Amino acid sequence: MKTIVGLETEYGALLSGPSQGMRELFRQEEMFQKVRDHVFYEQRMGIIDQHQRAYDEPPGNGGFLLNGGRLYIDMGHVEYATPECHTLLDLVRADRGGDQLLQDAVNEMGLGDEISFIKNNIDHQTLATFGSHENYLVSRDFPFTERGMDPLVAFLVTRQIFTGSGRVGASYVNDSLISLASDRSPVTFQISQRADYIVNKFYQWVQMNRSIVNTRDEPLSDPVQYRRMHLLLGDSNMSEFATALKFGTTKIAMDLIEDGKAPRIGVLDPVRACRSISHDMSMEWKVQDLEGDVLSAVNVQELFLEAAIREFSGRDEDTDWVIQEWGTLLDDLSKKDPVLVSDRLDWAAKFVMINQFREAEKVSWTDPWLESLDLEYHNIDPEKGLFRILEEEGRHRRLLPQSLLETGKNCPPSFTRAEGRSIAVNRILENPDLSYIIQWFGIQVNQGEILYMLEPLKTYRKEVGAYFSDLSFPPARF
Amino acid sequence: MEQPMGVEFSPDRQVVPGSPKKDVQKEGPVPKKPDVHKGTDRLMDRMKKVDPNQSERYRQRTGE
């Protein structure tokens, strides 16, 4: 796929010891700062920001990494942003690189017994949610209108049947505003972590009133040519397969829309549909199209798959892989048995695992132990995490060979400007007296000329090399 | 261009963008069908060791 994708992950943290109530949040933040400082100052895996990036990002809050990505503290979470990725495998590798970066730091600091990083999107006690944000580079010509976005909304609402990470229980965010008499059925398990928190179809904010499509216009590249589609509704996936398929299918859906080849479909009341699909463990997943006809989420996905086969078969290896696996998966999902897809999808793997435990231990779905297991599924520590056992034992499909997995935290993806940024980070690490500003779209050193990097699909390796060669410090070791 | 010290660029395989499928095949066969019974003991052992009350301690700030 000739495109750029990227993923931002806000990690949760589980601290050992007795709970200290709200004081726990301060403990977490102190721990985050220690880990961040270790990554930048001891491990020298990147360079800390010297400038104020934004009102809530003072100098020292975070920085860019050797892999071209970014680590920082945002809204009480450690957040990792992958570098710009050109292939699905690069995206998966960069995503796992973030996990490895944090876990290596924890281990090296000897904090393994004190803190666990949890790659999920909710806690079970409050209404807190935190994000997994997907980024897709699209053309400025993308039909970014309410009418033009109907197919994208239909796609996004129904894709959770394979992108959801699953969770025990439910959250009713609107109950915090007004308590409604409830005749709703109890939700013991649902397929998505974020569905309960999506309350709008379109909106520009990212912390409140989360929407199916976030409309913030911040391309971080040439604004004349590009738009960055920024999606908040997805879950943090542990599964490499689910991560790759999520990005692959979503990019294909966007390409179909941009080319005017997408199925002409919209979904009635998509916010409600988002929640009802997530809560429906019968796997019927019924939605209504704009004419009021009832169809299933699998049917909607099949419409997009058929269009993808028609328009993009043979386009490139990633596209062909997506088309093949998408089709197989939809066939399996239509059989309505989570076991059949538990080797590829997080929600199904978690459901099967917890259900087996529940039956073996004879505990009910309301037992808080199951919430604890839900969390532990997302623990990134291979010595503790439940998902990691599924991977290690071959019960869940992996995409990354071990040799590539090891490179994610310090190896930039190919064919993108992350390569040039990575060279710049390395140069600055070698010359600590430099002053610098690094942004996604450019670099500036010693308050000199700005090297703009507005084309994400260009590596800028030569330009960055020349830029540093022109500076007055010992010759670069190219 | 020689790569700078400390930076690892992707190997040349990515001159042609790879795909998940391609690399999985290099690494060897992967399970196509789930085997829910395989390795259950190790997983169950780890699940039993999870503190039943840890979700009570897990309180996060709302993020984005």
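Start with a pair of residues facing each other: Phe64(A) stands opposite Arg70(A) in β4(A). Before going on, some housekeeping: this is a predicted model, where local features need pLDDT of at least 70, side-chain atom pairs count only at pLDDT 80 or more, and totals for chains, interfaces and linings use all residues. Residues are numbered from 1 along each chain as its sequence is written, while chains are lettered from A and ligands numbered from 1 in the order in which they are written. As for element names, helices (H or I, at least four residues) and strands (E, at least two) are DSSP runs, numbered from the N terminus.

Back to the strands. β3(A) and β4(A) run antiparallel and are joined by three bridges; strands count as paired if DSSP finds at least two bridges between them. Their hairpin has four residues between the strands, and Gly68(A) there takes a positive phi near 90 degrees. On to the next partner: β4(A) is also antiparallel to strand β5 (residues 77-81) of chain A, with five bridges. Here Asp74(A) stands opposite His77(A) in β5(A). This hairpin has two residues between its strands, and Met75(A) in the turn has a positive phi of about 50 degrees.

How covered is strand β4 (residues 70-74) of chain A? Mostly: four of its five residues are buried. Buried means that 20 or more other C-beta atoms lie within 10 Å of a residue's own, exposed means 12 or fewer, and partly exposed is in between, with C-beta atoms placed from the backbone.

Now for a helix, α12 (residues 418-430) of chain A. Its 13 residues at 1.5 Å each should span 18 Å, and the end C-alpha atoms are 18 Å apart, so the two agree. (The expected span is 1.5 Å times one less than the number of residues.) Of those 13 residues, 11 are buried, among them Arg421(A), Val425(A) and Ile428(A). What covers them includes β2 (46-48), β3 (62-65), β15 (436-439), β16 (442-445) and α13 (461-469) of chain A.

Helix α5 (residues 270-279) of chain A is mostly covered too, with seven of its 10 residues buried. Those include Cys274(A), Arg275(A) and His279(A). Its cover includes α3 (150-163), β13 (286-288) and α6 (297-312) of chain A.

Why does Lys350(A) count as buried? Because it has 28 C-beta neighbours inside 10 Å. Lys350(A) lies in helix α8 (residues 346-361) of chain A. Leaving aside neighbours within four places in sequence, Lys350(A) is in contact (C-beta atoms, placed from the backbone, within 7 Å) with Gly166(A), Asp374(A) and Tyr377(A).

Next, the cores. A nonpolar core is a set of buried Ala, Val, Leu, Ile, Met, Phe, Trp, Tyr and Cys residues joined through C-beta atoms within 7 Å. The largest has 88 residues, of which Leu152(A), Val153(A), Val157(A), Ala253(A) and Leu373(A) touch the most other members. Its largest share, 10 residues, comes from helix α4 (residues 240-258) of chain A. Apart from this core lies another, of 40 residues, including Leu65(A) and Val425(A).

Leu373(A) also takes us to chain B: not counting residues up to four places away in sequence, Leu373(A) touches Ile354(A), Phe357(A), Leu386(A), Met47(B) and Val50(B). Chain B has three helices and zero strands, and 27% of its 64 residues count as buried.

How values were computed
Contact = placed C-beta atoms within 7 Å.
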